[in-house]
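Take a minute to turn the model around on your screen before reading on. We'll walk through it together, from the overall outline down to single side chains.

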Amino acid sequence: MRLLDDAPRERAHLIFLAQGAMRRKQTDKWIRLALVAETLRRHARGGAKRLIAVKAQIHRFMAPLISALGEERQHDLGEQLWNHLLSSAPESWRETYNAEVTDPKAMLRDDPVPKAIARVLQRGDLDLKPLADALAEMPLRARGTEAQVRARIKDVQSSLRELEGRLWADLLHQARWRSPLLILDEAHHLKNVDAGPARQLKPFDDTAELRTGDGAMANVFDRMLFLTATPFQLGHNELVNVLSRFADVRKGQPELPEIEPLRAGLKQLGEALTATQEAALRFQKAWTRLELAPDTDTEAWWAATSRAEREQLTLHERACRDAYEAVATARGEAERLLRRWVIRHGKGVRWAGTEVVRRERQDGARMLDAARRGGLEIPG
């Protein structure tokens with residue numbers, strides 16, 4: 001999200017992201033600081049005397065609270081850095097931080113809080129009251145031993161991280177961002193609509209069962225391209241599930257079809273694939289009823305059978321040919337419907353630009369000697 005909100009002349013053209021990135025727990029210190037800042041802005045006022053007192057002293061304990069001791073140590077402002085940041089908007093934090101940093105290598109190269117996250121916080125939809133209650137337990141001064149103070153901070157830190165996990169799921173769900181293209185590798189992982197990457201692309205209206213990352217990439221891509229080496233090893237329902245995620249592109253683009261006709265087309269495709277599978281099973285059953293001699297040249301027999309008049313064929317041969325033609329018709333219809341969705345690349349028999357055969361299949365005894373026939377001999 002930090003990369004996507006950069007100015008056009010600086011914006012990354014390609015962003016590589018692990019499939020599970022949106023489902024991981026967020027442990028970003030700057031977003032934790034933004035959550036604390038927004039919580040204090042909303043709740044440290046009026047009759048909240050304890051939280052107001054915490055707000056005045058929290059800069060002394062902020063570094064261990066958000067796990068940012070390194071930032072404080074390499075800054076001329078020391079612990080006062082946090083007061084400067086808490087009193088300004090996240091959009092200005094990079095300039096505020098970089099103005100007094102001691103080591104140029106430690107300067108922030110990008111805005112530490114993505115604009116999409118800052119907008120969600122500014123809208124005020126997130127419930128930050130539990131975080132306010134946890135922050136109210138922060139120490140006001142370093143009373144007692146260092147270990148005792150550290151223990152009190154650790155208790156609040158645990159509450160902050162627990163709340164952060166829940167808030168991060170809401171932040172991702174509500175954040176609005178855009179990208180022109182998603183290229184998803186290993187796209188067969190979308191086969192289960194309620195697991196893994198599919199939940200990140202699928203819109204979720206009910207936040208009651210929201211997991212981290214659910215819906216985080218729904219309706220944000222103008223286009224999608226899915227890559228997989230094994231599309232037809234999927235069950236046909238699973239293949240339709242993968243293709244149905246194309247419906248989760250950004251809505252309202254004039255050159256794209258309406259979602260409902262698109263879903264109707266996928267339903268038609270699913271029915272065609274089911275019909276193909278059923279026809280293939282009938283063909284398999286008809287084939288098993290044939291009574292061919294063991295030494296029959298199957299290819300020559302089929303060439304003659306497929307050209308012969310029906311009256312010349314036995315009952316089983318006619319049934320087999322009819323079943324074959326039914327499979328060919330059903331498969332042709334399925335291929336016609338699939339052509340809209342799938343571009344299939346075959347590597348060919350030979351390596352590109354050469355006469356070298358990519359794969360040579362040697363069955364049984366041929367693995368030892370190309371002239372031999374039969375199976376491999378297995379020694380005692």
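What you're looking at is a predicted model, where local features need pLDDT of at least 70, side-chain atom pairs count only at pLDDT 80 or more, and totals for chains, interfaces and linings use all residues. Residues are numbered from 1 along each chain as its sequence is written, and side-chain values use heavy atoms, with hydrogens and water left out.

The protein has 14 helices and two strands; these are DSSP runs numbered from the N terminus, with helices being H or I of at least four residues and strands E of at least two. Its radius of gyration is 32 Å, well over the 21 Å that the globule rule gives for 380 residues, so the protein is more spread out than a compact globule. (That radius is taken over C-alpha atoms, and the rule is 2.2 Å times the number of residues to the power 0.38.) Along the principal axes, the C-alpha atoms fill a box of roughly 100 × 55 × 45 Å. Of the 380 residues, 38% count as buried. Buried means under 20% relative accessible area, exposed means over 50%, and partly exposed is in between, using a 1.4 Å probe and protein chains only.

Now find helix α1, residues 29-43. From its first C-alpha to its last it reaches 21 Å, close to the 21 Å expected at 1.5 Å a residue; the expected span is 1.5 Å times one less than the number of residues. Twelve of its 15 residues are buried, so α1 is largely enclosed by the rest of the structure. Among those buried residues are Trp 30, Leu 33 and Val 36. At the start of α1, a side-chain oxygen of Asp 28 comes within 2.9 Å of the backbone nitrogen of Trp 30.

Next, the charged pairs. The whole structure holds 19 salt bridges, each one a side-chain nitrogen of Lys or Arg within 4 Å of a carboxyl oxygen of Asp or Glu.

Because they are four residues apart in α8, about one helical turn separates them. Asp 133 is partly exposed at 40% relative accessibility, and Lys 129 is partly exposed, with a relative accessible area of 40%.

Arg 250 and Asp 222 also meet in a salt bridge, at 2.7 Å, N to O. This pair links distant parts of the chain, 28 residues apart: Arg 250 is in the loop between α11 (236-244) and α12 (259-288), and Asp 222 is in strand β2 (residues 221-226). Arg 250 is partly exposed at 22%, whereas Asp 222 counts as buried at 12%.

Finally, is Ser 87 buried or exposed? Ser 87 is exposed, with a relative accessible area of 66%, and lies in the loop between α5 (80-86) and α6 (93-99).

Notes: Polar contact = N/O pair within 3.5 Å; in protein donor to acceptor, adjacent residues only side chain to side chain.
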